[in-house]
Protein chains: 2
Amino acid sequence: MRNEQQEQLGISRRQWMLGAGTLATTAALTHLGGWLPSAKATGGATEKWPWPYEKLDPTTTAEIAYKEWYRIFCGGAVISSVFVQLREKVGEPYSSFPIDAFVFLEGGIANWGTICGSVAGANMVANLIIGPRITGVEAGHQIGTDIMQWYCEAALPVFKPKEPKVREPIIQTISESPLCHVSVGKWMTVADKPISSPERKDRCARVTASAAFHLVELLNTWKDGKYEEVGDWRPNGEYGMNAQPNCMECHGGGVPQAPMVKK
Amino acid sequence: MRNEQQEQLGISRRQWMLGAGTLATTAALTHLGGWLPSAKATGGATEKWPWPYEKLDPTTTAEIAYKEWYRIFCGGAVISSVFVQLREKVGEPYSSFPIDAFVFLEGGIANWGTICGSVAGANMVANLIIGPRITGVEAGHQIGTDIMQWYCEAALPVFKPKEPKVREPIIQTISESPLCHVSVGKWMTVADKPISSPERKDRCARVTASAAFHLVELLNTWKDGKYEEVGDWRPNGEYGMNAQPNCMECHGGGVPQAPMVKK
């Protein structure tokens with residue numbers, strides 16, 4: 001059964017496995033004294049949550065995100081669209097946050113087509129403002145998940161900027177996945193436009209603006225104490241592993257069964 | 001041809017497209033005055049690169065990452081393993097960086113199985129220290145790419161901690177992908193262990209340690225002025241879109257041709 005599954009995936013067991021050797025030597029263990037973080041090394045001043053948040057206008061935020069895409073691309077633009085406003089309205093800790101470092105989220109992390117930068121950026125912003133789930137507050141984590149599900153299901157781009165660089169209508173597609181490769185690839189196929197085209201760039205700038213718009217909608221609801229989780233994707237419970245909902249898109253020949261806890 | 005490609009993917013054109021409507025109303029445009037960032041809103045104090053860096057011991061870093069995985073998981077642990085040491089050796093801007101917010105990178109972003117958090121965390125650290133490519137310095141971007149390629153090709157986990165929580169040998173697998181779902185899924189299949197098993201957790205803690213080890217190796221080389229790019233994956237030039245190298249794994253029935261620039 002295990003071998004059948006691997007054959008369905010077109011990958012042999014041999015390819016997955018490697019005896020110890022080749023790369024293991026790079027990690028030869030040397031003596032390491034017991035490591036304990038000092039007080040100075042733990043609990044940075046910005047690691048107290050929630051960060052002060054003031055409600056923002058979704059349309060203004062989306063317009064900033066659209067413009068910023070042409071400077072720092074999808075992930076950076078979502079972060080910038082929220083944080084530059086909060087730098088003005090609130091100040092720290094937003095002023096000390098290095099927004100521009102997140103250009104690398106472009107193209108699904110340095111053009112590898114993994115998670116769409118706008119989704120990664122939105123998750124970052126929600127978790128930076130509300131805090132990580134290990135603090136006992138789950139809203140940041142949940143807003144991130146909601147945006148992933150929204151991104152999978154929405155006809156993107158949703159948002160149309162006031163003064164778009166591309167005047168012609170931009171076709172909308174549904175990605176069914178948070179991955180850049182899948183989202184951009186489906187759009188490129190339907191629109192029949194190459195990755196370097198002005199239309200593809202403006203599509204991604206508008207997707208970024210759409211994500212920023214929705215992010216601020218959710219953050220404002222949270223600020224009002226009215227946030228309720230929408231996303232219902234619980235892959236570990238249902239499928240026994242971290243996963244997206246679009247199983248059949250890659251596993252057309254049959255979805256492998258994850259090893260489960262022995263009863 | 002276009003339709004054939006879509007059939008190969010098992011997805012109809014209809015699924016990808018949606019007329020304007022459903023969600024577009026949420027983005028109804030209201031009047032927006034021209035937005036221009038003020039001096040205060042741009043160029044945070046931490047957006048000057050490179051950040052001060054002192055060479056770290058890869059093994060010490062990997063041991064910290066391994067321990068931190070059990071507190072803040074893959075992405076947070078890679079960031080923490082480098083930044084807690086630099087908080088002690090250097091101070092700012094590391095002291096002001098909110099490491100713990102990045103718990104959400106776990107399980108490929110909030111358990112959606114997209115990019116492995118250890119890879120996302122390593123990209124973050126490289127770009128935070130060296131700076132984004134828009135500054136004209138590409139080494140941070142390139143080190144991130146190198147780590148993605150290394151992650152695809154390495155028999156993971158490479159690193160064995162001095163005092164592992166799981167004493168039995170952890171089998172090594174090659175992911176051929178930077179995605180959590182693919183990397184963890186292949187390991188789970190070969191090891192025949194569920195996601196909740198101590199062995200799977202220790203495998204991911206060791207993968208995290210392995211990524212931190214390799215990240216610091218590359219950062220130390222860069223600090224010495226001897227860094228040379230290793231990764232040679234240029235998806236946009238070769239394939240016309242953002243992508244991973246393992247095309248056939250999802251596109252077993254035939255890899256669609258991306259729309260290209262008309263000659």
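Biologist: How many residues of α4(A) are buried?

Modeller: This is a predicted model, in which local features need pLDDT of at least 70, side-chain atom pairs count only at pLDDT 80 or more, and totals for chains, interfaces and linings use all residues. Residues are numbered from 1 along each chain as its sequence is written, with chains lettered from A and ligands numbered from 1 in the order in which they are written. A residue is buried if 20 or more other C-beta atoms, placed from the backbone, lie within 10 Å of its own. Helix α4(A), a DSSP run of H or I with at least four residues, is mostly covered, and its buried residues number 14 of 14.

Biologist: What distance separates the end C-alpha atoms of helix α4 of chain A?

Modeller: The expected span is 1.5 Å times one less than the number of residues. For the 14 residues 117-130 this comes to 20 Å, so the model agrees, with its end C-alpha atoms apart by 20 Å.

Biologist: Is α4(A) roughly parallel or roughly antiparallel to α7(A)?

Modeller: Axes are lines fitted to C-alpha atoms over the stretch in contact, with angles from 0 to 180 degrees between N-to-C directions. Those of α4(A) and α7(A) (residues 198-223) come within 9 Å and cross at roughly 20 degrees. Angles under 35 degrees count as roughly parallel and those over 145 as roughly antiparallel, so the two helices are roughly parallel.

Biologist: Which residues in α7(A) meet α4(A)?

Modeller: Contact requires C-beta atoms, placed from the backbone, within 7 Å. From α4(A), Ser118(A), Val119(A), Ala122(A), Val125(A), Ala126(A), Ile129(A) and Ile130(A) take part; their partners are Val207(A), Thr208(A), Ala211(A), Leu215(A), Leu219(A) and Trp222(A).

How values were computed
Buried ≥ 20, exposed ≤ 12 C-beta atoms within 10 Å, placed from the backbone. Parallel < 35°, antiparallel > 145°, perpendicular 65-115°, else oblique. Contact = placed C-beta atoms within 7 Å.
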